[in-house]
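I have kept to what can be read from the structure itself.

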Amino acid sequence: MTDLTRQHLDCADPTPSSWSLLSRDPDGGLEPLFDGRRVAYSFNTRTALREACDILGLQPGDGVLAPAYNCGSELDPLLDAGLDIAFYRVDRRTCPDLADIARRITPKTKAIYLIHYFGMLQPDTSALRALCDEHGLFLIEDCALSLLSGDNPAEGFAGDVSVFCFYKLFPVLAGGAIVLNANGLNFQRPFDQPPPASLLRKPYIRMGLEAVLGPRTLRKLAMWRRKGRAVSTTFAEPGPHIDMPPGYYFDPALRSSRISGFTKRALETFNPTQTRARRRENYQTYQTLLSDTAGIAPLYATLPETACPLSYPVLVEDRDALAARLSARGIAATPWWSGYNQKLNWDGFDDAKFLKDHVLSLPCGQHLDRGHISLIMSELTAALGTADPN
């Protein structure tokens, strides 16, 4: 494995014209994002991550160091492969602690997992790459939240493999990708199974109803249907932390499932350059409007010049209650990564648990403008001053 990782491609200066190609193309499209790279498209990112385990030749019992601040869903495919996951520290600004990573490397460790959060590329990626090379370790680079961030489209050149997600930034049903950056790696199975129709049927129906009724009416109908139902025990708390949603756990039946043709065709209609510009504008609007708001603090002090923000993450007390109040007002604010994968152990990682319990994700999608952001901030201010209805 040491020889293989040392053959890692030098991608420090990928094709410099990539972003300009997108800028010159008025119709946009995603094909230029992975131009010249070895890429395969999967049903979703978790399917890509499960494939990554086979591509890297990882075996049951092999160790992987992963950031303690995680959703839990992205690591479940690795658990499905039988890998032994140990956490490393991430601080409250979502930066990995490189010294802590180095201390936790053991003879059992075969790979390090890196996450780029909220579209903000990690500042010490090259240092982590060097650490992996020093110890003969693979680097799995999770770019699910940072598809359009960086000097070039679809960064993720540091990892031996990198994975991406399309539905986080674009209104499509699922869709992921895996890119092989290191020499000597080959696809084991190029996602040769059809996408599961059962998982696509319900979202298709929902999209149709939303187009006819509108999202607000559909949300009210969903809330009405839930009234009077017996309380579900799906989210019972079997361990010291509340469980993450059951759908976040990896379904082995999805292995080798390819991206939906509908999704891939839809992706070709979006313009990445315009998407990044609008999201940056919305993020900066939040920064301006939030400056005098008490009881809420931005997770990041500044927006990096090349970042395409996934959302506007903030730190708040009583995050889940606030998210519920905003949802009742029609604001799609998300209690980010609420819930814990019950197969993992967060003991001793207080900073990660703080983030999982306090980060609220405010929408800044390309379908929004300054007027929408102003309305969201107005509703947020009102919700902050509202007593918990429960």
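1. At the start of helix H13, a side-chain oxygen of Asp-369 comes to within 3.0 Å of the backbone nitrogen of Gly-371. Please bear in mind, here and below, that this is a predicted model. The helix itself covers residues 370-384, and its 15 residues reach 21 Å from the first C-alpha to the last, which is close to the 21 Å expected at 1.5 Å a residue.

2. Which residues of H13 are buried? They are Ile-373, Ile-376, Met-377, Leu-380 and Ala-383. Seen down the helix axis, the buried residues of H13 fall within an arc of 125 degrees, so they line one face of the helix. As a general point, an α-helix has 3.6 residues a turn, so residues three or four places apart point the same way. The buried residues of H13 pack against helix H10 (272-290), helix H11 (319-328) and strand E11 (359-362).

3. Strand E9 is joined to E11 by four bridges, and the two run antiparallel, with Pro-313 standing opposite Ser-361 in E11. Strand E9 also pairs with strand E8 (residues 297-298), again in the antiparallel sense, over two bridges, and here Ala-297 stands opposite Leu-315. Tyr-312 and Val-314 point one way from E9, whereas Pro-313 and Leu-315 point the other way, and all of them are buried.

4. Turning to the seven-stranded sheet, the strands form an open sheet in the order E1-E7-E6-E5-E4-E2-E3, with mixed pairing. Strand E1 (38-42) and strand E3 (84-88) stand at the edges and have a single partner strand each, so one side of each is left without a neighbour in the sheet. Neighbouring strands of this sheet are turned against each other by 20 degrees on average, direction ignored.

5. Within that sheet, all five of the five residues of strand E2 (residues 63-67) are buried, so E2 is largely enclosed by the rest of the structure. Gly-63, Leu-65 and Pro-67 point one way from E2, and Val-64 and Ala-66 point the other way. Five bridges join E2 to E3, the two running parallel, and E2 pairs with E4 in the parallel sense as well, over three bridges. Val-64 takes part on both sides, for its bridge partner in E3 is Ile-85, while its bridge partner in E4 is Ala-111.

6. Strand E5 (residues 138-142) and strand E6 (residues 161-165) pair in the parallel sense over three bridges, and Glu-141 stands opposite Ser-162 in E6. Helix H3 (residues 45-55) lies across E1, strand E4 (109-115), E5, E6 and strand E7 (176-180), and it runs at about 170 degrees to E6.

7. For the chain as a whole, there are 13 helices and eleven strands, and 51% of the 390 residues count as buried. Among contacts in the chain with a separation of 6 or more, residues 24 or more positions apart account for 74%.

Notes:
Residues numbered from 1 in each chain as written. Predicted model: local features only at pLDDT ≥ 70, side-chain atom pairs only at ≥ 80, totals over all residues. Heavy atoms only, no water. Pairing = 2+ DSSP bridges. Axes fitted to C-alpha atoms, helices over the stretch in contact; angles between N-to-C directions. Contact = heavy atoms within 4.5 Å. Expected span 1.5 Å × (residues − 1). Buried < 20%, exposed > 50% of the residue type's maximum accessible area, 1.4 Å probe, protein only. Arc of directions from axis to C-beta. Polar contact = N/O pair within 3.5 Å; in protein donor to acceptor, adjacent residues only side chain to side chain.
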